[in-house]
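The exercises below ask for careful reading of a structure, and each is followed by a solution that goes step by step. Please look at the sequence and the model before turning to the solutions.

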Amino acid sequence: MTGRETVLARIRAALADVPSEERPDDVPVPRDYHRSHTGPGQDTVALFAERVADYRATVTRTDRAGLRDAIAAALTRHGARRLALPSGFPDELLPSGGWEWHAEPLGVPALDGLDGAITLACAGIAITGTIVLDTGPGQGRRALTLVPDYHLCIVGAELIADDIPEALARLDPTRPLTFVSGPSATSDIELDRVEGVHGPRTLDVIIVDPGISPQS
Amino acid sequence: MTGRGVVWLGSPPFPKAAREALKDGRLRANLKRATTTIRDKRLAVASELDDWEALRESAAAIKRRAARHLDRYLLQLEESVTAAGGTVHWAADADEANRIVTGLVSATGEREVVKVKSMATQEIGLNEHLAEAGITAYETDLAELIVQLGDDRPSHILVPAIHKNRGEIRDLFAAEMGSWGRPAPEGLTDEPAALAEAARLHLREKFLSAKVAVSGANFACADTGTVAVVESEGNGRMCLTLPDTLITVMGIEKVLPAFTDLEVFLQLLPRSSTGERMNPYTSLWTGTTPGDGPQAFHLVLLDNGRTDTLADEVGRQALACIRCSACLNVCPVYERTGGHAYGSVYPGPIGAVLTPQLVGIEQTASLPFASTLCGACYDACPVKINIPEVLTHLRAEAVAAKGRSAEALAMKAAAAVLDSPRLLGAAQKAAALGGRALARGGHIGRLPGPLHGWSDSRDTPAPAAESFRTWWRKNRENR
Ligand code: SF4
């Protein structure tokens, strides 16, 4: 017998008490939890900003007109000069000045030599202060937001979901999905929280009202 | 030896190991501080969600549905993963899983792999097996790195190096990093930030050059083939993204019916585990994606005793465990003995119910007695595993298997943990009284007084949890 046959046979033998006519749907799954934990009329975008900041990420809120300046301010504040630029990132948002934009495709050693990455996001989650990347336009391959030490992420306000159920319903599971809630962290040494281990040690988030769309 | 891994070779039985652990004052202080901290954080974030109970009910029911139709869901998962470009392997036991993984690594021609924390691969002893084949496995989770450099064993599910303090970690890094790769920086201090930086530098070259990664999985969705890894440090993302080949070893019980079920577990797991609203990074991937991440993905489905657990109608609920470690942090016995005393990859209350079921009760008869049946673990468990119920059930089996009375087994475990002479005296007195009054046919009913919690067996399935807990608290605080 192959491992597969052995395991399946063992499972079937172990489940001898389950009536053969029982279907998965016959096992009731109550779904009495809330679809969202935001309050009625609550400002979701403000909540998102507050919750992201709780993770010690820097959050800026701006509108379309102020976005270029907000990007320039964040990069200046962090001292990031050489930046990874994902395909589909809107060129008109890039501030002029002494920044070097390194366009995809970028190999891992190249990414390792850069100061940071600038990307869009595909969703935000207010209750948990999470940004979601699905490698779509303006977000880059997964390595782009992982290898450099700094990540500046721009989230359109209209992409911010109230809570996890709503966000998951909007996502496409066939794409690689990365949920980011603050900078990388560890509490492995005497439970002292240290920000920044292997992922970017600094996360800046800019929320744009109304939204922006990537270049197609 | 069991052929299944799980338990550590040569580990003393729980009572003996616990007695040793209790002598270590610093260990107990570390544990107490750690478990109290995480416990408070967990309570704070869990109470933010006023439908916590509804989420737990739902999670338990989803896991029940998955378990009762496990064959169907695994076949569906196999189909989805295969359709998305992955390859699924089935391993009946540890040996088979090790052979599969070693074969896959060897086929790439690589001699090194990076690993992200996976209890399943610890359970099967994969690193040792790879080493025999001349392949070095690098643990990349900070705590696992500490454990690996120290040739040590993990003692907690979430913070495996909880038993080591910063000074010990500094010394270990300074002494050992050089023999595994990039040495620790000169003049390394014991500041946690400096130690984390040393780990970052040490592992970076491994991540950037690794061609093969081995990971565990928190969840896998049958309908879409999506696999999830929940983590904090970014080492998971490194392992899941940068290498060419990814091998994920997953217990068969991790399968969820649907992608949408993640909406329940992604709310429960981070809050129960690290006490955060959300952990820093969660990665979801489905097969392979051209031009992004590993182009070869292997999913190894591991049985290794899980089907024996599934066959037990009472014990099967333990398979719902999502390894959050909340039950460890609330357990009065764990807090006193630490994780090593359990002699298993799975410590604490969940270990006390899972280990005997995975490897057989004969080898681990004292483990189901490593509990006061106070019920705190059940209250904390995000998937509502009734750990006291399973413990009670396993105690009866241990008695039957060992041909010894529950009293004898219980006394050994209790005597080890209730280490103060005064408590022990009270316990012994109660045991003597209870034993005389209540023993019948090798079984005892319930011991009066402080020991009754230790002695519940099949005859007395409903523990008076509240009274014991009150008793325990009072006596602990008086010390
Ligand atoms: S038994 Fe429950 S509380 Fe304990 S680790 Fe598993 S899921 Fe968490």
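Ala, Val, Leu, Ile, Met, Phe, Trp, Tyr, Cys and Pro count as nonpolar, Asp, Glu, Lys and Arg as charged, and the others, Gly among them, as polar. The model is predicted.

**Exercise 1.** Determine how many residues surround the ligand and how they divide by class.

*Solution.* The ligand is surrounded by 13 residues, and the closest are Cys321(B), Cys324(B), Ser325(B), Cys327(B) and Cys381(B). Sorted by class, the shell holds 11 nonpolar, 1 polar and 1 charged residues.

**Exercise 2.** Classify the ring pair of Tyr138(B) and Trp180(B), and describe the surroundings of Tyr138(B).

*Solution.* Over all chains, a search of the whole structure finds 4 aromatic pairs. In the pair of Tyr138(B) and Trp180(B), the ring centres are 6.0 Å apart and the planes stand at 75°, so the pair is edge-to-face, given that angles over 60 degrees count as such. The pair links distant parts of the chain, since Tyr138(B) lies in strand E3 (residues 136-139) and Trp180(B) in helix H9 (residues 166-180) of chain B, 42 residues apart. Tyr138(B) is buried at 8% relative accessible area, whereas Trp180(B), at 26%, counts as partly exposed. The charged end of Lys206(B) also sits over the ring of Tyr138(B), 4.3 Å from its centre.

**Exercise 3.** Is chain A a compact globule or more spread out than one?

*Solution.* Chain A contains 5 helices and 12 strands. Its radius of gyration is 21 Å, well over the 17 Å that the globule rule gives for 216 residues, so chain A is more spread out than a compact globule. Of its 216 residues, 57% count as buried.

Technical notes
Residues numbered from 1 in each chain as written. Chains lettered and ligands numbered in written order. Predicted model: local features only at pLDDT ≥ 70, side-chain atom pairs only at ≥ 80, totals over all residues. Heavy atoms only, no water. Near = heavy atom within 4 Å. Phe/Tyr/Trp six-rings, centres within 6.5 Å; stacked < 30°, edge-to-face > 60°. Helix = DSSP H or I, 4+ residues; strand = E, 2+ residues; numbered from the N terminus. Buried < 20%, exposed > 50% of the residue type's maximum accessible area, 1.4 Å probe, protein only. Lys NZ or Arg CZ within 6 Å of the ring centre and 35° of its normal. Rg over C-alpha atoms; globule rule 2.2 N^0.38 Å.
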